[in-house]
Amino acid sequence: MNRTEFLAELERLLEGMPEEERQAAVQYYADYLADAGVENEADAIRELGSPEKVAETIRADYYGTEFNEEDYDQKDYMERYSRSSSDSGAEDRAGQQKPWTSGKIKLLIVLLIIIAVWPVSLGAAVAVLAVAAVVICFFPVLAIAAAAVMLSGGFVFVLGIALMFIPAAGMIVVGVGILLFVAGLIATVGVVKLCTIVYPAMLRGFVNLCRRPFYGKAV
Amino acid sequence: MVFNTGAALLDAIVLAAVSREDEGTYGYKITQDVRRVIDVSESTLYPVLRRLQKDECLEVYDRQFDGRNRRYYKVTSRGMAQLNLYKSEWKSYTHKINAIFEGGAGV
């Protein structure tokens, strides 16, 4: 068996492990054999033992420490290793085929809880939606109100012009109209400006919130 | 050898072997260095390196060598702290064993 065959066989035997683990292991042994040198290649492969043995070593350690990190004493370590390397029966292999990372289990549990308490979660979902609707509508309503003030200012101004046959009253009404119009204009511009800041920020916050359960902690 | 090398001792030896190189060192060389000291099979060391890397005791980087990327291992500050712990534990352990073997004071 040459180097290429050894590595291909190892890669095949590590199927079912997370891709990252598999690639790291294959990369390590590719490096290892390249560093052993072409002239020592056969010896190095013989000393490593069969690809089966190497794959079992990797699996035993990966799944062993994944499940119980606490018991890490040598007796247990040796027992586990010798057991999984000698007894590579089909059942054992099948049990190890599915890498259940704790992240997946966590997500599953969260989903199960959501389903189990669905009346509560439905209520919560409706509440969240309502709050979101209020928040989303708040700023447009504010903008419309400001625009209305501006409009009424314009109206009062026109009224003042019409009242000019009594100059004193006309002047006052025109002044009030101008004031209202300017105040409304400032408020409208301000609210629109605020929207361009608040809405993108809200959207980003929401997207982050949705992503959190999936990209939370790297396992 | 008559005495078994436990997982903790193996971790300690690997950390010590890697820490001897400031620039870091690579899998084949680590294997050779460790095998000069204890009798372990060549395939034992990869899982140890991988685990130490996951525990952030070792960090890896790739460097060009001979027209390919070679993966180097380097001890992190955390790994250094762990190694120092192992060293002091080893010192007190061997001290006690020596004491009972040689019948000196302290037992």
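Predicted model: local features only at pLDDT ≥ 70, side-chain atom pairs only at ≥ 80, totals over all residues.
**Chain B, overall**

I began with the element list of chain B and found four helices and three strands. Read from the N terminus, the order is α-β-α-α-β-β-α. I then checked burial: of the 107 residues in chain B, 30% are buried. I also looked at contacts with a separation of 6 or more, and in chain B 50% of these join residues 24 or more positions apart.

**Chain B, the sheet**

I traced the strands next. They make an open sheet of three in the order E1-E3-E2 (chain B), with antiparallel pairing. E1 (25–26) and E2 of chain B are the edge strands, each pairing on one side only. I followed the pairing of E2(B) with E3(B), which is antiparallel and runs over eight bridges. Within this part I noted Tyr61(B), which stands opposite Tyr72(B) in E3(B). E2(B) and E3(B) form a hairpin, and two residues lie between the strands. I looked up the turn and found that Asp66(B) has a positive phi of about 60 degrees.

**Chain B, helix H4**

I checked the length of H4 (residues 77–102) of chain B. Its 26 residues reach 37 Å from first C-alpha to last, close to the 38 Å expected at 1.5 Å a residue. Which residues of H4(B) are buried? I found Gly79(B), Gln82(B) and Leu83(B) to be buried in H4(B). I then asked what covers the buried residues of H4(B).

**Chain A, helix H8**

I moved to H8 (residues 118–162) of chain A. Its end C-alpha atoms are 64 Å apart, which agrees with the 66 Å that 45 residues should span at 1.5 Å a residue. I looked for a bend and found one of about 30 degrees in H8(A), at Phe138(A). A proline, Pro140(A), follows within four residues of that position. Is H8(A) covered or hardly covered? I counted two buried residues among the 45 of H8(A), so I recorded the helix as hardly covered.

**Chain A, record against model**

I consulted UniProt, where an unreviewed entry places the feature "transmembrane region" at residues 107–136, 142–165 and 172–199 of chain A. I checked two of these spans in the model. Residues 142–165 of chain A are 88% helix and 0% strand, with end C-alpha atoms 37 Å apart. Residues 172–199 of chain A are 100% helix and 0% strand, and their end C-alpha atoms lie 40 Å apart.

**Where the chains touch**

Last, I looked at the contact between the chains. It takes 21 residues from chain A and 16 residues from chain B. On the chain A side, H2 (19–36), H3 (41–48), H4 (51–67) and H5 (74–86) each supply at least two residues. Which helix gives the largest share of that side? H2(A) does, with nine residues. I sorted the chain A residues that touch chain B by type and got 11 nonpolar, five polar and five charged.

Definitions and conventions
Residues numbered from 1 in each chain as written. Chains lettered and ligands numbered in written order. Expected span 1.5 Å × (residues − 1). Bend = angle between axes of the 7 residues up to and from the residue. Buried ≥ 20, exposed ≤ 12 C-beta atoms within 10 Å, placed from the backbone. Contact = placed C-beta atoms within 7 Å. Nonpolar A, V, L, I, M, F, W, Y, C, P; charged D, E, K, R; others polar. UniProt positions renumbered as here; feature names shortened; annotations may be inferred. Pairing = 2+ DSSP bridges.
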